[in-house]
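Good morning, everyone, and thank you for making the time. Please have a look at the model on the screen, and then I will take you through a few of its features.

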Amino acid sequence: MTDSISMTQPEASQEGVPGLVEDWSADKQTFPVPWGKAMMWIFLLSDTFIFTIFLTAYMNVRMTTTVDWPVPSEVFALTIFGNHIPLILIAIMTFILISSSGTMAMAVNFSYRRDRKKVAILMLITAAFGLSFVGMQVFEWSKLILEEGVRPWGNPMGAAQFGSAFFMITGFHGFHVSIGVIYLTVVALKVLRGDYDKKGNYEIVEITGLYWHFVDLVWVFIFAFFYLW
Amino acid sequence: MSEAIQPSPEQTHDEGHPISVYLKVWALLFVLSTLSYLVDYWDFQGILRWSLIITFMILKAGFIIAIFMHMAWERLSLVYAILMPPLVLLVLIALMASEANYTFLTRLFFFL
């Protein structure tokens, strides 16, 4: 950006543990990243705690119930063209979310090169993947509520806590995805309009990317612990 | 805080990694997800099932954090500040698991 950076930033910062000590003890800003990025990381850290508490609560109710837990593999099975495939909807949702993370990572990469069009297009593709994920979740929820009769206080398949854990965890994750879709769309449209060329910095794309990858990351844990376990 | 001392992303880590890195990690995440789906599809049970699920989960999470979220290229000050605090969650999980065992045994004792 400007010459003043090279003057305030030491030319060769140390790496490794000496660098860690230097970052914390030297008379300078501790995290050598844009402040927005550091704040997003700290927000994601707090979100990690929220999701872990949900998953721990789920672990607790699943371990303590004396009634059999419904088999997720069967609950989330679909019959497609006459074939009964276990957990297929969740598998598709997983692949969609991973693909959206892939396109987002590429958008961030193009943002370093300030390739306005490619950044905007890749971000909009990411948002579209996110929207289809939420759409499939709506389908999953309505099937469970209307056809299978799952309620937060009970269900016909087994332990009553299944419903509350399911709605709480996937609901909170779906809420994150929905917010992410809005966030991505807003930033993508601003990129397209050239707002960040005027400011001369694209770091918001990387920050949005962090949020989006985190949503994918949380799904990895939900997929493992809620659907596969 | 003035704009001038904010390092731009280009200076904090390499601009250099090509798109192919992301495509490779993307493919790898697809493979790992397929494998974890197959654990369910082939209906593995017991320790084998749980260890495979955990292994694939940790690998996927690691690649997302390290490559997609660029943690591998951040300085240790940020890496430690973000990755260390969640370790206390392991204590919470351990405590809740032991509590759950106790609750379960008590329920068996009183209700069955």
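Let me start with a question: in which loop of chain A is Arg114(A) found? Arg114(A) is found in the loop between helix 5 (88–112) and helix 6 (116–147) of chain A, where helices are DSSP runs of H or I with at least four residues, numbered from the N terminus.

Before I go on, this is a predicted model, in which local features need pLDDT of at least 70 and side-chain atom pairs count only at pLDDT 80 or more, whereas totals for chains, interfaces and linings use all residues. Residues are numbered from 1 along each chain as its sequence is written, and chains are lettered from A and ligands numbered from 1 in the order in which they are written.

Coming back to Arg114(A), its phi is near 55 degrees, a positive value in a residue other than glycine. Arg114(A) counts as partly exposed because it has 16 C-beta neighbours inside 10 Å; by the rule used here, 20 or more other C-beta atoms within 10 Å make a residue buried, 12 or fewer make it exposed, and anything in between is partly exposed, with C-beta atoms placed from the backbone.

In chain B, Asp43(B) also has a positive phi, of about 60 degrees, although it is not a glycine, and it lies in the loop between helix 2 and helix 3 of that chain. With 10 C-beta neighbours inside 10 Å, Asp43(B) counts as exposed.

Now to the interface, where 51 residues of chain B are in contact with 55 residues of chain A, contact meaning that the C-beta atoms, placed from the backbone, lie within 7 Å. Helix 5 of chain B gives the most to the side of chain B that touches chain A, with twelve residues. Yet helix 5 of chain B is hardly covered, since the count of buried residues among its 25 residues is zero.

Finally, the largest nonpolar core has 71 residues, and among those with the most contacts inside it are Ala107(A), Val119(A) and Val205(A); such a core is a set of buried Ala, Val, Leu, Ile, Met, Phe, Trp, Tyr and Cys residues joined through C-beta atoms within 7 Å. The largest share of this core, 17 residues, comes from helix 9 of chain A. Leaving aside neighbours within four places in sequence, Val205(A) is in contact with residues including Ala107(A), Val119(A) and Val187(A).

Definitions and conventions:
Contact = placed C-beta atoms within 7 Å. Helix = DSSP H or I, 4+ residues; strand = E, 2+ residues; numbered from the N terminus.
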